[in-house]
Amino acid sequence: MNADAVVLDIDGVLVDVADSYRRAIIESVSRVYDDTIPKPDIQAFKDAGGFNNDWELTYAVALYVLAEREGLDQTIGEFTDRIAETGGGLDGAERVVADALPEDERKRVFDQWNREELHAVFQQLYLGAELYAELEGAEPTLDTRGYINDEPVLVEPETIANLTENYPVGIVTGRPSAEADIALSRAELDVADDHRFTMDDWKEGKPHPHALLTLAERFDAERVVFVGDTLDDVRTATNAADADSSREYFGIGVLTGGLTGEEGKRKYEENGSEAVIDSINDLPELLAER
């Protein structure tokens, strides 16, 4: 691969978020609407594309739960397939619900859909009461410890040392900046502000290639590797390659996020991944072999 620069996602790559962000998605909807979906079904929304922002994924899950109450006759797989067909993301979820329900039922769904309450509950569950008050500047209504404390670090110190000694390293993540700081500190990875993109730094989000293209320019790199745990991460690299023919971009999928095993590997490969590795700790060897 002969990479000139390495760019990493955070969630599912550097830290495990199965019992933090993904748990917060499920439990936020449950607390607000007394119903939710099984946690493994979150992956279907991720695979549909456009859900780099877990707040928006939470809103989409809530839409599904509310629409199902009003007679939506679609499995989660059918619902997320239709989201993908409409372009993905929360806008796609809204269109699917609007198209599937009669006017009265549709109105009841959207009248009950409270994104502000879902966001507040999500952040309190994820951050915990003390950190929520500090970062959000709001008084917590829930006495919570914070699922952010349940994020095992996936990357080994030797891997960090190898990557930072041999390549310029960047970050492209859907996390807000403050939450990215916490995860990077735990992973003991120091990345300069101008070498990272968080939710606060660009509005488009993955799989839009802007962040990856900008980092390639800042690193003056001809061959850029981007490592992530979702199909949108791989699509970010392929979209960057389509947008910039002067450089080469390689998407690498890891099997430590929602995509796992042979099925996960197959999905990555079908979406243009250059390689699939079991974990970020296999990356130095992969780069040395290419």
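Mentor: Let's start with charges: between domain 1 and domain 2 the count is one salt bridge, meaning a side-chain nitrogen of Lys or Arg within 4 Å of a carboxyl oxygen of Asp or Glu. Aspartate 47 and lysine 267 form a salt bridge, with their closest N and O atoms 2.7 Å apart. Keep in mind that this is a predicted model, where local features need pLDDT of at least 70 and side-chain atom pairs count only at pLDDT 80 or more, while totals for chains, interfaces and linings use all residues. Residues are numbered from 1 along each chain as its sequence is written, and side-chain values use heavy atoms, leaving out hydrogens and water.

Where do the domains run? Domain 1 covers 5-16 + 152-288 and domain 2 covers 18-148, with bounds that come from an automatic or database domain assignment. Their centres, taken over C-alpha atoms, are 25 Å apart. Domain 1 puts 20 residues into the contact and domain 2 puts in 20 residues, where contact means heavy atoms within 4.5 Å.

Now for the area. Domain 1 and domain 2 bury about 1500 Å² between them, and carbon and sulfur atoms give 48% of that. Buried area here is the accessible area (1.4 Å probe) that two parts lose on being put together, summed over both. On the domain 1 side, Asp16, Glu179 and Met199 supply 28% of the area buried against domain 2, more than any other three residues.

Back to the polar side of things: eight residue pairs, both at pLDDT 80 or more, are in polar contact between domain 1 and domain 2. That term covers a pair of N or O atoms within 3.5 Å; within protein, one must be able to donate a hydrogen and the other to accept it, and residues adjacent in sequence count only if both atoms are side-chain atoms. As for elements, α10 (177-187) and α12 are the ones that give two or more residues to the side of domain 1 that touches domain 2. The most comes from α10, with four residues. Helices (H or I, at least four residues) and strands (E, at least two) are DSSP runs, numbered from the N terminus.

Follow the chain on from there: glutamate 188 lies in the loop between α10 and β3. Its phi is near 60 degrees, a positive value in a residue other than glycine. Most residues other than glycine have a negative phi.
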